[in-house]
Amino acid sequence: MSLVLDPAAQDLLFREARTANSFTDEPVTEEQVQAIYDLVKYGPTAFNQTPLRITLVRSAEARERLVQHMAEGNRAKTAAAPLVAILSADNEFHEELPALFPAFPQAKDVFFAERPAREGSATLNAALQAAYFIVGVRAAGLAAGPMTGFDHEGLRKEFLDDDHTPLMVVNIGKPGPDAWYPRSPRLAYEDVVTTV
Ligand SMILES: Cc1cc2nc3c(=O)[nH]c(=O)nc-3n(C[C@H](O)[C@H](O)[C@H](O)COP(=O)(O)O)c2cc1C
């Protein structure tokens, strides 16, 4: 009774949402991805820096190049998914900062003049946005299969550049037959939450 979100939406986004390992052939359209982005772009990031960048791997040729960099156990499902997205952090996000955070445009120079500070912040905040993205995929009635099992440096060289750090590869689509492993347990509230 404490949650105000409609129970069906709670199930769709969390209780019944699963990490998919197989998908139907039904395509994921540009319109769906745009609707997902236009929803999850409102998720908060520090100084509104929004460092997540998304590379949609659609062509067969690009998919083949991507699969080579995936860990063995992730290859078949990445080759077969209707859509695959590479999520990365833009370490040069500060260039956009004066426009994205007009309340304090000096943040660009005060906090993010040095690359190591930018990298730490970009990784944290793009990872937050990656989580929003996964929930957004679920909000579109689709399933996500996020993966960090890939050659990160190899993938970066293949698809990105020095200014971008790959975080996650996400298979997206309608779940196929035997799409999930048995649900693993979660830690209980008492095991996680401390009140001081
Ligand atoms: C950041 C991240 C990286 C993951 N990497 C992989 C991976 O490389 N290969 C894989 O098969 N599953 C991977 N998973 C899937 C997790 O094991 C799965 O989401 C988790 O066990 C929860 O499963 P459930 O959603 O079905 O309950 C990853 C999940 C996340 C969020």
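**Stop 1: a salt bridge along a helix**

Start by selecting Glu 72 and Arg 75: the two form a salt bridge, with their closest N and O atoms 3.2 Å apart. (A salt bridge here is a side-chain nitrogen of Lys or Arg within 4 Å of a carboxyl oxygen of Asp or Glu.) Before going on, note that this is a predicted model, in which local features need pLDDT of at least 70 and side-chain atom pairs count only at pLDDT 80 or more, while totals for chains, interfaces and linings use all residues. Residues are numbered from 1 along each chain as its sequence is written, and side-chain values use heavy atoms, with hydrogens and water left out.

Glu 72 and Arg 75 sit three residues apart in helix α4, so about one helical turn separates them. (Helices are DSSP runs of H or I with at least four residues, strands are E runs of at least two, and both are numbered from the N terminus.) Glu 72 is exposed, at 61% relative accessible area, whereas Arg 75 is partly exposed at 31%. (Buried means under 20% relative accessible area, exposed over 50%, and partly exposed in between, using a 1.4 Å probe and protein chains only.)

While you have charged side chains on display, pick Glu 92, Arg 115, Arg 118, Glu 119 and Asp 163: salt bridges that share partners join them into one network.

**Stop 2**

How many salt bridges does a search of the whole structure find? The count is 16.

Select Arg 15 and Asp 11 for another one, where the closest N and O atoms are 2.8 Å apart. Both residues belong to helix α1 (residues 7-15), four residues apart, or about one turn of the helix. Asp 11 is partly exposed, with 21% relative accessible area.

Now jump to Arg 53 and Asp 90, whose side chains meet in a salt bridge at 3.2 Å, N to O. Arg 53 is in strand β1 (residues 52-57) and Asp 90 in strand β2 (residues 83-90), so this pair ties together parts that are 37 residues apart in sequence.

**Stop 3: the ligand**

A polar backbone atom of Thr 148 is 3.0 Å from a ligand nitrogen. A backbone N or O atom of Gly 149 lies 3.0 Å from a ligand oxygen, and a polar side-chain atom of Arg 186 is also 3.0 Å from an oxygen of the ligand. On its own the ligand has 630 Å² of accessible area (Shrake-Rupley method, 1.4 Å probe), and the protein covers 63% of that area.

**Stop 4: a look at Tyr 132**

Finish at Tyr 132, in helix α7 (residues 115-139). Tyr 132 is partly exposed, with a relative accessible area of 21%.

Definitions and conventions
Polar contact = N/O pair within 3.5 Å; in protein donor to acceptor, adjacent residues only side chain to side chain.
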